[in-house]
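This report looks at the packing inside one protein chain. Please keep the sequence and the coordinates at hand while reading.

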Amino acid sequence: MYRSLNALAMQVVKPGGLLMTCSCSGAMTQSGLFLKTIQGAASMAGRKVTVLRQAGAACDHPIDPSYPEGQYLSNYLLRVM
């Protein structure tokens with residue numbers, strides 16, 4: 001569903017426009033699968049993307065080193081061509 005949703009979003013962004021996409025899935029964030037999914041979405045939409053910014057949780061959502069599963073938020077700011 002992440003791939004389909006992002007492909008649809010990329011189709012409506014004007015060339016050169018920006019898209020911020022986020023995930024709150026630990027399986028996507030911790031495996032690195034989210035970026036691969038974004039790349040697949042771009043291909044599916046017939047668009048190219050450039051990652052302008054990659055981030056995780058803000059400082060109001062600290063990560064406890066003894067609980068790595070708490071690192072589940074991720075977002076990407078993309079330029080869509």
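The model is predicted. Its largest nonpolar core has 13 residues. Those that touch the most other members are M10, L19, F34, I38, Y76, L78 and V80. At least two residues of this core come from each of α1 (2-12), α3 (33-45) and β3 (74-80). Helix α3 gives the largest share, 5 residues. As a general background, nonpolar side chains in soluble globular proteins tend to be buried together.

Which residue in helix α1 has a relative accessibility of 4%? The residue is N6, placed in helix α1. N6 counts as buried because its relative accessibility is 4%, and the cut-off for buried is under 20%.

The contacts of N6 and F34 are set out here, leaving aside neighbours within four places in sequence.

| Residue | In contact with |
|---|---|
| F34 | Y2, N6, T21, C22, S23, M28, S74 and Y76 |
| N6 | L19, T21, F34 and A41 |

Strand β1 spans residues 17-23. Its covered face holds G17, L19, T21 and S23, while L18, M20 and C22 lie on the uncovered face. In a regular strand the side chains alternate between the two faces of the sheet. β1 pairs with β3 in the antiparallel sense, over 7 bridges. Within this pairing, C22 stands opposite N75 in β3.

How values were computed. Residues numbered from 1 in each chain as written. Predicted model: local features only at pLDDT ≥ 70, side-chain atom pairs only at ≥ 80, totals over all residues. Heavy atoms only, no water. Core = buried A, V, L, I, M, F, W, Y, C linked by side-chain atoms within 4.5 Å. Buried < 20%, exposed > 50% of the residue type's maximum accessible area, 1.4 Å probe, protein only. Contact = heavy atoms within 4.5 Å. Pairing = 2+ DSSP bridges.
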